[in-house]
Number of protein chains: 2
Amino acid sequence: MKQPFHEALRKFAFQDGALSDLTTLDCRQTPGFFTKKGETKGKAAGQKRLQRDVERLAKLQELLFANAQAAELRRSVLLVMQGMDTSGKGSTITHVVGSMNPQGVHQVGFKKPTEEELRHDFLWRIRRETPKHGEIGVFDRSHYEDVLIHRVEELTPPSRLERRYGSIRQFEKELVSNGTIVVKVLLHISREEQYERLSKRLDNPEKHWKFTPSDVDAREKWDEYMEAHQLALEETDKPEAPWFVIPADRKWYARLAVQQLLIETLESLELSWPEATFDIEEQRKRLEASR
Amino acid sequence: MKQPFHEALRKFAFQDGALSDLTTLDCRQTPGFFTKKGETKGKAAGQKRLQRDVERLAKLQELLFANAQAAELRRSVLLVMQGMDTSGKGSTITHVVGSMNPQGVHQVGFKKPTEEELRHDFLWRIRRETPKHGEIGVFDRSHYEDVLIHRVEELTPPSRLERRYGSIRQFEKELVSNGTIVVKVLLHISREEQYERLSKRLDNPEKHWKFTPSDVDAREKWDEYMEAHQLALEETDKPEAPWFVIPADRKWYARLAVQQLLIETLESLELSWPEATFDIEEQRKRLEASR
């Protein structure tokens with residue numbers, strides 16, 4: 001089955017299986033979204049495509065849910081979203097995930113851990129939120145924070161940090177062997193684009209609540225964060241749980257890319273509508289009798 | 001502050017504070033949605049209005065979330081959705097709730113209670129899912145099932161059923177005094193419309209998974225269910241936690257009505273964007289320095 005966005009996005013950031021230097025990637029590219037002549041399609045075409053495929057994604061999600069419900073299919077999807085502040089994780093989720101039936105979507109934002117969560121291993125709170133069969137799980141930030149901010153801010157000693165990569169690989173392997181398709185996405189913005197977006201937040205009183213001084217703290221450590229991302233992706237990019245680096249300086253493209261990754265993922269399951277588990281004629285008779 | 005849909009919907013089902021006989025209400029009406037001349041507006045106008053107000057609702061929800069986050073506002077909203085099978089609870093939630101940022105929405109579907117839930121009082125699982133400050137909670141079915149199906153199917157002895165109305169009133173009163181606005185909605189379809197919708201599900205193989213023979217079981221007890229609804233609404237309709245009966249034979253109207261109830265509810269809070277909790281000029285200087 002063809003997966004054009006999967007393929008184009010892998011090609012964008014990986015060469016012969018090795019991750020390119022994240023800081024050298026062009027965050028304004030639009031992998032997979034070209035005309036037949038190879039020309040980049042623009043914003044208008046991207047938004048149109050996003051809109052056009054809203055129903056398609058909703059239907060595919062319903063197929064997954066229906067098969068888990070009525071045919072005991074033991075499959076689920078987990079979308080892990082990472083990215084620096086302002087990279088658009090929240091708005092991408094609203095635009096892409098919001099069009100699906102919330103009944104079959106389990107969306108969680110992982111913030112600073114609570115006191116209780118800190119008294120458990122770092123995967124404890126994550127495991128509790130993994131999707132049920134038939135569900136699409138969406139993580140807005142995730143267990144990767146425990147090797148990103150934790151590395152940069154030295155919240156965890158180096159030896160324990162090193163062990164975490166192995167724990168993550170093991171955890172994701174378990175998910176996959178239990179029927180979950182794991183799609184890991186880094187919304188990758190450039191340092192310049194982040195400046196523009198933070199600057200707009202400071203200019204606009206409607207956006208002040210979204211700004212915290214810690215956004216600038218993190219920005220001042222941009223290089224360290226890029227290094228931590230580089231390392232995290234290299235250590236945890238596995239065939240069963242691959243990373244997709246999505247160039248995210250163009251918001252419309254980032255949304256489209258996430259939508260298409262989900263569509264291609266769900267289509268790979270090749271699901272059809274489950275057959276009735278009841279006698280249709282018998283139920284029709286009962287229904288007519290109750291008219 | 002004007003709340004035209006609130007007012008029209010109350011007028012639709014209540015006279016001098018008393019609930020009309022639910023079985024006499026016309027489920028094809030469109031309370032609150034008229035031209036200036038008093039003519040009913042149709043489907044096209046309704047869908048246009050729904051679409052037009054998507055952004056408005058999303059912004060109001062963001063205002064609530066922002067004020068809880070940055071200004072410690074202790075307010076939330078709880079939308080309770082009830083209705084017979086096929087009344088459109090799920091699709092209304094997808095269309096109305098899906099356009100808001102899932103970060104600030106807590107949506108829960110209450111199904112048949114688990115073994116563990118049954119070992120607690122009936123409000124135990126409900127209390128755990130009430131919205132945090134700044135959140136909009138959405139209940140797809142709710143604690144009302146414990147006085148609806150429980151009454152009709154005699155799952156609970158009569159004396160205990162009677163006590164539940166009081167427990168519900170008390171529970172909702174607590175919610176309100178803790179800053180939650182409680183909006184209770186009954187999507188009210190006619191017996192004829194349910195026949196049409198169930199019949200379509202039987203005709204369409206893509207919908208078979210949504211059908212269970214128990215849908216017809218419940219339909220065969222339509223009158224008992226209407227009685228149970230009548231009683232539940234009468235016992236729990238309070239000024240602080242009122243019921244809205246939404247005529248739902250026209251799907252587009254039901255969606256619009258729920259959207260407008262939410263918009264009017266959020267507007268009644270008269271929120272403005274919270275002021276910055278940091279020194280804007282100082283942060284601008286830091287941002288410029290990190291350019």
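First, the ground rules. This is a predicted model, where local features need pLDDT of at least 70, side-chain atom pairs count only at pLDDT 80 or more, and totals for chains, interfaces and linings use all residues. Residues are numbered from 1 along each chain as its sequence is written, chains are lettered from A and ligands numbered from 1 in the order in which they are written, and side-chain values use heavy atoms, with hydrogens and water left out.

Start with strand β3 of chain A, residues 76–83. Helices (H or I, at least four residues) and strands (E, at least two) are DSSP runs, numbered from the N terminus. Of the 8 residues in β3(A), 8 are buried, so the strand is largely enclosed by the rest of the structure. Buried is under 20% relative accessible area, exposed over 50%, and partly exposed in between, with a 1.4 Å probe and protein chains only. One face of β3(A) carries Ser76(A), Leu78(A), Val80(A) and Gln82(A), the other Val77(A), Leu79(A), Met81(A) and Gly83(A), and both are covered.

What does β3(A) pair with? It runs parallel to strand β6 of chain A, residues 180–188, over 8 bridges, and Gly83(A) stands opposite Leu187(A) there. Strand β5 of chain A, residues 136–140, is also parallel to β3(A), joined by 5 bridges, with Met81(A) opposite Asp140(A). Pairing requires at least two DSSP bridges between the strands.

Now chain B. Phe65(B) sits in helix α3, residues 54–71, and is buried at 9% relative accessible area. Leaving out residues up to four places away in sequence, Phe65(B) touches Trp209(A), Gln103(B), Gly104(B) and Gly134(B); contact means heavy atoms within 4.5 Å.

Glu135(B) lies in the loop between α6 (124–127) and β5 (136–140) of chain B. Is Glu135(B) buried or exposed? At 10% relative accessibility, it counts as buried. With the sequence exclusion of up to four places, its contacts are Leu64(B), Ser76(B), Val77(B), Gly104(B) and His106(B).

Last, the helix pair. The axes of α8 (residues 158–177) and α11 (residues 222–236) of chain B come within 9 Å and cross at roughly 45°. That makes α8(B) oblique to α11(B). From α8(B), Tyr165(B), Ile168(B), Arg169(B) and Glu172(B) meet Leu231(B), Ala232(B), Glu235(B) and Thr236(B) of α11(B). Axes here are lines fitted to C-alpha atoms, for helices over the stretch in contact, with angles from 0 to 180 degrees between N-to-C directions. Angles under 35 degrees count as roughly parallel, over 145 as roughly antiparallel, 65 to 115 as roughly perpendicular, and the rest as oblique.
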